[in-house]
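Subject: Structure for you to look at

Hello,

Here is the structure I promised to pass on. Please open it and keep it beside you as you read. My notes follow below.

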Amino acid sequence: MKNRIFYCFAAIALVISAVNGQNAYTDYALVNKQALFTDTFSDGKAAKWEAFDKEDCKVVNGIYRIQREGDEPSVSWITVSTFDVKRDFEIEASICLEKGEPKGFFNGIIWGKQADAWNYFLYGLNENDKYVIAQTNPNWVAAREWTPSTLIKHKQYNKLTIRKVANTLYYFLNESLLYSGPFESIFGNQFGIQSAPGAILMVKEFKINYLQSTNKTVEKAKSSPASSGSSEAASLVTKPET
């Protein structure tokens, strides 16, 4: 009798796992996405984009090109005043690090940025084919410190995707799940791109979608505990890997 009960519970668990398990990028199809913001830069403009220094940024042949000289990062963003953080959402960008620098500073998506502040979340990569998932508030706090990945296409376009489903965030690189962790309240409603000093970063597409409900829940990738350091100040939001 006990064996029968055990096998019944095991069967139920397998069924639940089959229904809820999701680890594929394609589990959210286009029909499950509601566009909130999309920019392919095909009009040759970046009219909705703001930047700390607009001279760093220009649209060339349908590509948003960011080239930063000096010692500080280039940060550009759009403001989505109607953004509803309670809904499930997706942030996605296709970026190419045409020129990096050997220290391994950050290039990639910033999101949930507070206006007029260095408070935001980051997901991106560096010249040394490593990725990072972090936030600055204004001290650097990493959910996943610099980690090498064979999924990164060196000096080619890489698709970075952040998905929030219920209370969990999922990070995809070129449509493969890298990491998942708990969702935290965001600092603000600005979203954009950060490029390292001395780097040339090309952005082909940037979009934000709401996600419509499906019958699946993304299967969590292995999480790692957040790490922080008091020496990692706001001036180091482009914190290198070393």
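What percentage of the residues of the protein chain count as buried? The figure is 49% of 242 residues. Keep in mind that this is a predicted model.

Start with the fold. The protein chain has 16 strands and 1 helix. Take the contacts between residues at least 6 apart in sequence: 70% of them join residues at least 24 apart. The accessible surface is about 12,000 Å². Carbon and sulfur atoms account for 52% of that surface.

Now look inside. The largest nonpolar core has 42 residues. Those with the most contacts inside this core include Ile91, Trp111, Tyr123 and Phe206. A separate core has 11 residues, among them Trp77, Ile110, Tyr120 and Trp146.

Setting aside neighbours within four places in sequence, its contacts include Phe37, Trp49, Ile91, Phe191 and Ile193. Asp39 and Glu92 are also in contact with Phe206.

Last, find Asn119. This residue sits in the loop between strand S7 (107-113) and strand S8 (120-125). Is Asn119 buried or exposed? Asn119 is buried, because its relative accessible area is 15% and the cut-off for buried is under 20%. The side chains of Asn119 and Gln114 are joined by a polar contact of 2.8 Å. Beyond neighbours within four places in sequence, Asn119 also touches other residues, including Gly112, Thr136, Asn137, Pro138 and Phe187.

Best wishes

Terms used:
Residues are numbered from 1 along each chain as its sequence is written. This is a predicted model: local features need pLDDT of at least 70, side-chain atom pairs count only at pLDDT 80 or more; totals for chains, interfaces and linings use all residues. Side-chain values use heavy atoms; hydrogens and water are left out. Helices (H or I, at least four residues) and strands (E, at least two) are DSSP runs, numbered from the N terminus. Buried means under 20% relative accessible area, exposed over 50%, partly exposed in between (1.4 Å probe, protein chains only). Contact means heavy atoms within 4.5 Å. Accessible areas come from the Shrake-Rupley method with a 1.4 Å probe; for residues, only the protein chains shown count as cover. A nonpolar core is a set of buried Ala, Val, Leu, Ile, Met, Phe, Trp, Tyr and Cys residues joined through side-chain atoms within 4.5 Å. A polar contact is a pair of N or O atoms within 3.5 Å; within protein, one must be able to donate a hydrogen and the other to accept it, and residues adjacent in sequence count only if both atoms are side-chain atoms.
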